[in-house]
Structures are given as C-alpha cells and as structure tokens.
Amino acid sequence: MTILVEKPKVVATVEDQNETSDLVLDGGFVVLKDVAGNDGCVKPEALVSNDEFIAPEINAFGQTFRDYNAESERQKGVEEFYRLNHIHQTYDFVKKMREEYRKLNRVEMSIWECCELLNEVVDDSDPDLDEPQIEHLLQTAEAIRKDYPDEDWLHLTALIHDLGKVLLLPSFGGLPQWAVVGDTHPVGCPFDGSIVHHKYFKDNPDYNNPKYNSSKYGIYAHGIGLENVLMSWGHDDYMYLVAKENGSTLPQAGLFIIRYHSFYPLHKCEAYKHLMNKEDEENLKWLKIFNKYDLYSKSKVRIDVEKVQPYYFSLIEKYFPAKLKW
C-alpha cells in the first residue's frame with residue numbers, strides 16, 4: 001500500500017509554516033488522514049503493510065487501542081491508577097517534583113545504560129501493553145526508521161521517549177506509578193473534560209480552587225506557549241529535563257515529542273490549544289506523526305536488539321554526551 005501523509009518541517013520560517021509537502025510512505029503503522037482523526041480511531045482496512053511491520057487492529061489483550069472502558073484483565077488496575085493520579089497531581093506537587101528532579105543528582109550513565117534499566121519497568125497505566133518497556137522503545141523506533149529513514153533524530157527520539165520511567169526504580173526515588181506514567185495534562189488551569197477518567201478530579205485540591213478555575217486559562221494567558229505551562233509530573237517532563245540540561249542537540253521537535261507525547265488531551269482531542277504558540281503548532285505536527293507509531297507499534301513483535309544496537313549507538317553519540325546526569 002502506498003500511503004500519503006503530510007510531513008512537517010523540522011525547522012520552519014514564518015513564511016514556510018503555511019506550506020506542506022507530501023511524503024510517500026511504504027511501511028507499517030501509518031494512518032491515512034481520511035481514515036483516522038485525532039481520536040486515533042482507525043479503520044482496519046487502512047492498517048496494511050507490504051513489509052515485515054504489520055499494524056495491529058487490536059492490542060495484546062484483544063481490545064482496541066486506548067479503550068479505557070473495555071473489560072480486560074488490566075482495566076481495573078488502569079482505572080485505579082488514574083483515580084490516584086487525578087487526586088494527587090496538583091500544581092504544588094508538580095512544582096515540588098520539578099524542583100527536586102531538575103537537580104539531576106541521582107546518577108551518571110549513558111542513554112543505552114538507561115534503556116537497559118527499563119527492562120525492570122512495566123507501565124501499569126497502559127491498557128495496551130504489559131511487556132518490558134525496552135521492547136516498546138525499539139518497536140516504535142524501528143517502525144519510524146522504516147518509514148522515515150532520513151529523519152535520524154526522530155528514530156532516536158522514539159528510542160528515548162519513555163526513558164523517564166526509570167523514576168519508578170528505587171535509585172531514582174521509587175516514585176509511585178501515578179507520579180511517573182499515564183496521560184499528562186496541564187495544572188494551574190481547569191481539568192479538561194477530555195482527560196481519561198475525568199470524574200476523579202473532583203477529589204483533587206485544585207479542582208475547586210478559584211485561582212485555577214476562574215477561566216479556561218487559569219493562571220496562564222492565551223498563546224502563552226506550552227513551555228510556560230506546568231504539566232502533570234511524570235516521565236515525559238523528567239526526560240525532557242534530562243535531555244535539555246545535558247545539552248542534547250536534538251531539534252526542538254524532538255524535545256517537544258519527549259515532553260508532550262503523553263499529552264493525549266492535546267494531540268487526541270485538541271484540548272488546551274488556546275495555550276499554544278506558533279512554535280508549538282509546528283512541533284505538534286511531528287508529535288501527531290510520532291503518536292501513531294507510539295500507539296500502534298505496541299505488539300508482540302520482537303526486535304533483534306543486537307542487530308539494531310550499533311545504529312542507535314551512533315545516534316546517541318551524535319545527539320548526546322557519552323554520560324548524562326540523571
């Protein structure tokens with residue numbers, strides 16, 4: 001199947017932002033614009049591949065992807081996760097976590113060493129996957145590499161996007177799952193109704209605080225830019241801090257993907273767009289492309305780690321120092 005999707009520019013001038021170019025893709029995990037909207041609902045006939053990667057119609061548990069209402073062995077645990085997440089993710093909590101973890105005083109190690117640590121991590125918030133995280137990282141990276149062979153920064157971004165989940169490990173503070181994984185959302189403004197299991201926000205101390213709920217902007221302003229908005233604390237923001245503070249040379253689109261890949265209310269439902277600026281709008285195009293691979297590459301397909309490792313070593317060397325502070 002030949003698939004056409006819009007390819008955003010990594011760096012664009014104001015004049016360029018209204019121009020788009022079509023990229024012919026010839027692989028799996030790509031979703032046609034006319035068969036899938038921002039809600040991620042995909043017609044099965046669109047998910048066809050002519051190579052080794054086959055985009056699945058259902059997840060590893062026999063359910064459609066991101067179905068938080070389907071009955072499965074993981075759903076009760078997922079809902080309990082979001083209950084705790086929505087109660088405890090307050091503006092003050094997020095400020096405290098950012099101040100603590102931006103010190104980057106836990107350990108020094110390479111990107112690949114951190115990848116290997118993720119073999120110890122399973123994400124309790126994910127209804128689609130119960131495999132060790134390193135499997136998902138490589139599935140996502142290899143799927144993108146196949147369809148975007150010239151965008152090496154995007155391959156590496158896919159590999160490292162979930163590395164912040166090491167926050168679950170004792171050497172990184174052993175944070176509870178609700179403070180590390182799951183969908184993210186802004187704090188300091190109203191909790192949008194599109195957020196998964198929204199009903200549990202009623203027990204969040206910020207829910208009835210007039211400072212955060214007097215308008216849809218809360219403490220922010222129209223077009224303030226997402227970099228000036230506090231997000232619920234988790235692995236996204238932590239890995240963004242690690243990459244930025246250690247001097248990564250990834251393009252801004254890569255850092256944006258790392259920081260906001262779990263911000264499903266935005267890239268699935270287009271909530272909170274009133275807080276975005278022009279740069280956010282350009283970067284969001286790349287995030288939406290990335291998200292299709294991040295979501296639909298969750299499968300039981302195994303990746304030969306030894307075979308692909310040299311390639312990713314070269315990318316790590318290109319975009320990161322040998323050792324990073326975490």
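His 235 is buried, because its relative accessible area is 2% and buried means under 20%, with exposed over 50% and partly exposed in between, for a 1.4 Å probe and protein chains only. The model is a predicted one, in which local features need pLDDT of at least 70 and side-chain atom pairs count only at pLDDT 80 or more, while totals for chains, interfaces and linings use all residues. Residues are numbered from 1 along each chain as its sequence is written, and side-chain values use heavy atoms, with hydrogens and water left out.

- His 235 lies in helix H7, residues 235-245, where helices (H or I, at least four residues) and strands (E, at least two) are DSSP runs numbered from the N terminus.
- Leaving aside neighbours within four places in sequence, His 235 is in contact with His 161, Asp 162, Gly 164, Lys 165, Leu 167, Val 180, Val 181, His 261 and Ser 262, contact meaning heavy atoms within 4.5 Å.
- Arg 302, by contrast, is placed in the loop between H10 and helix H11 (305-319), and with 59% relative accessibility Arg 302 counts as exposed.
- The C-alpha atoms of Arg 302 and Gln 139 are separated by 7.6 Å, although these residues are 163 residues apart along the chain.

**Aromatic pairs and a charge over a ring**

- A search of the whole structure gives 15 aromatic pairs, a pair being two rings of Phe, Tyr or Trp (its six-membered ring) with centres within 6.5 Å, counted as stacked if the planes are under 30 degrees apart, edge-to-face if over 60 and tilted for the rest.
- Phe 81 and Tyr 82 have ring centres 4.8 Å apart and planes at 85°, so this pair is edge-to-face; Phe 81 is buried at 5% relative accessible area, and Tyr 82 is buried at 0%.
- Trp 153 and Trp 286 also form an edge-to-face pair, with 5.1 Å from centre to centre and 80° between the planes; this pair links distant parts of the chain, since Trp 153 is in helix H5 (residues 152-160) and Trp 286 is in helix H10 (residues 278-296), 133 residues apart.
- Both Trp 153 and Trp 286 are buried, and ring pairs link Tyr 148, Trp 153, Trp 286 and Tyr 293 into a cluster.
- Arg 145 lies over the face of Tyr 311, 3.8 Å from the ring centre, where a charge sits over a ring if NZ of Lys or CZ of Arg is within 6 Å of the ring centre and within 35 degrees of the ring normal.

**Salt bridges**

- The count comes to 15 salt bridges, each being a side-chain nitrogen of Lys or Arg within 4 Å of a carboxyl oxygen of Asp or Glu.
- Glu 113 and Lys 323 form a salt bridge in which the closest N and O atoms are 3.1 Å apart, and this pair links distant parts of the chain, with Glu 113 in helix H3 (residues 111-117) and Lys 323 in the loop between H11 and strand E4 (324-325), 210 residues apart.
- Glu 113 is partly exposed at 32% relative accessible area, and Lys 323 is partly exposed at 45% relative accessibility.
- Glu 282 and Lys 285 meet in a salt bridge at 3.4 Å, N to O, and both lie in helix H10, three residues apart, about one turn of the helix.
- An α-helix has 3.6 residues a turn, so residues three or four places apart point the same way.
- Glu 282 is buried at 9% relative accessible area, whereas Lys 285 is partly exposed at 24% relative accessibility.
- Glu 100 and Lys 103 are joined by a salt bridge of 3.3 Å, N to O; Glu 100 counts as partly exposed at 27%, and Lys 103 is exposed at 52%.
- A network of salt bridges links Arg 98, Asp 237 and Arg 259.

**Packing of H5 against H11**

- The axes of H5 and H11 come within 10 Å and cross at roughly 100°, the axes being lines fitted to C-alpha atoms, for helices over the stretch in contact, with angles running from 0 to 180 degrees between N-to-C directions.
- H5 and H11 are therefore roughly perpendicular to each other, the class for angles of 65 to 115 degrees, whereas angles under 35 count as roughly parallel, over 145 as roughly antiparallel and the rest as oblique.
- The contact is made by Asp 152, Trp 153, His 155, Leu 156 and Leu 159 of H5 and by Tyr 311, Tyr 312, Leu 315, Ile 316, Lys 318 and Tyr 319 of H11.
- H5 is mostly covered, with nine of its nine residues buried.
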